[in-house]
Amino acid sequence: MEEEKDSLPEEPVQEVPALKDAFAQVDLAIEENRLTDAESLLEGFEEHGAEWHYYKSRVSRKKNWNLDAYMHVKEALRLEPENETYRKDFEELDRQMQPDGGEGKKKRKKKNMGSDSGEHNECGECCAEGCCMCACEGICEGICEGC
């Protein structure tokens with residue numbers, strides 16, 4: 001009976017470092033641009049708390065999946081509203097998700113669609129094919145013809 005009492009308080013203490021180590025592995029995978037590894041590590045987590053959502057956001061951001069990144073960092077901030085790292089990332093993504101991105105519509109249109117000569121960059125071509133992720137939120141409205 002005494003052995004059970006002694007072992008119970010140790011479990012939560014051991015879980016916290018193990019969790020931190022797991023997130024450290026995710027962080028390293030992201031930094032080394034091993035995004036598939038980072039995603040696999042994140043899939044192994046049973047609980048999806050604020051830190052999990054933050055790292056999921058970082059992976060999405062590296063993939064240029066900004067809407068997904070935005071949703072995850074927003075959830076991380078909702079779960080831990082006092083976390084300055086989450087707040088900073090959320091505010092940065094929030095600015096990027098604005099229709100003009102702080103640049104004004106004309107600059108943004110030219111940036112997204114390429115030059116007036118008909119050349120298109122990746123975003124313009126993607127929007128023309130109808131796969132623009134930001135169309136879900138109406139962000140591209142009036143910026144490019146494909147959304």
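1. F23 and Y55 are both buried, where buried means under 20% relative accessible area, exposed means over 50%, and partly exposed lies in between (1.4 Å probe, protein chains only). The model is predicted, so local features need pLDDT of at least 70 and side-chain atom pairs count only at pLDDT 80 or more, while totals for chains, interfaces and linings use all residues. Residues are numbered from 1 along each chain as its sequence is written, and side-chain values use heavy atoms, with hydrogens and water left out.

2. Overall make-up. The protein has 8 helices and 0 strands; helices (H or I, at least four residues) and strands (E, at least two) are DSSP runs, numbered from the N terminus. Along the sequence this reads α-α-α-α-α-α-α-α. Of the 147 residues, 29% are buried. The accessible surface is about 10,200 Å², and carbon and sulfur atoms hold 49% of that surface; the areas come from the Shrake-Rupley method with a 1.4 Å probe, and for residues only the protein chains shown count as cover. Among contacts (heavy atoms within 4.5 Å) with a separation of 6 or more, 42% are between residues 24 or more positions apart.

3. The aromatic pair. Rings of Phe, Tyr and Trp (its six-membered ring) pair if their centres lie within 6.5 Å, and the planes count as stacked under 30 degrees apart, edge-to-face over 60 and tilted for the rest. By this rule there are 5 aromatic pairs. One of them, F23 with Y55, is stacked, at 5.3 Å centre to centre and with 15 degrees between the planes. F23 lies in helix 2 and Y55 in helix 4, so the pair ties together parts that are 32 residues apart in sequence. Ring pairs also join F23, F45, Y54, Y55 and Y86 into a cluster.

4. The nonpolar core. A nonpolar core is a set of buried Ala, Val, Leu, Ile, Met, Phe, Trp, Tyr and Cys residues joined through side-chain atoms within 4.5 Å. The largest such core has 23 residues, and V26, L42 and Y55 have the most contacts inside it. Helix 2, helix 3, helix 4, helix 5 and helix 6 are the elements that give two or more residues to this core, with helix 5 giving the most, 6 residues. Leaving out residues up to four places away in sequence, V26 touches A38, L41, L42, F45 and Y55. In soluble globular proteins, nonpolar side chains tend to be buried together.

5. Helix 4. How much of helix 4 is covered? It is mostly covered, with 10 of its 13 residues buried. The buried residues are A50, W52, H53, Y54, Y55, K56, S57, R58, V59 and S60. After helix 4 comes N64, which has a positive phi, near 65 degrees.

6. E31 and R58 form one of them, at 2.7 Å, N to O. E31 lies in helix 2 (residues 10-31) and R58 in helix 4 (residues 50-62), so this pair ties together parts that are 27 residues apart in sequence. E31 is exposed, at 52% relative accessible area, whereas R58 is buried, at 15%. D27, E31 and R58 are linked in a network of salt bridges.

7. The side chains of E39 and K63 meet at 2.9 Å, N to O. E39 is in helix 3 (residues 35-43) and K63 in the loop between helix 4 and helix 5 (66-79), 24 residues apart. E39 is buried at 16% relative accessibility, and K63 is partly exposed at 26%. Another salt bridge joins E92 to R61 at 2.5 Å, N to O. E92 is in helix 6 (residues 84-96) and R61 in helix 4, 31 residues apart. E92 is partly exposed, at 28%.

8. A69. This residue is in helix 5. Is A69 buried or exposed? At 0% relative accessibility, A69 is buried. Not counting residues up to four places away in sequence, A69 touches S57, S60, R61 and L93. A69 and D89 lie 20 residues apart in sequence, and their C-alpha atoms are 9.5 Å apart in space.

Terms used: Salt bridge = Lys/Arg side-chain N within 4 Å of Asp/Glu carboxyl O.
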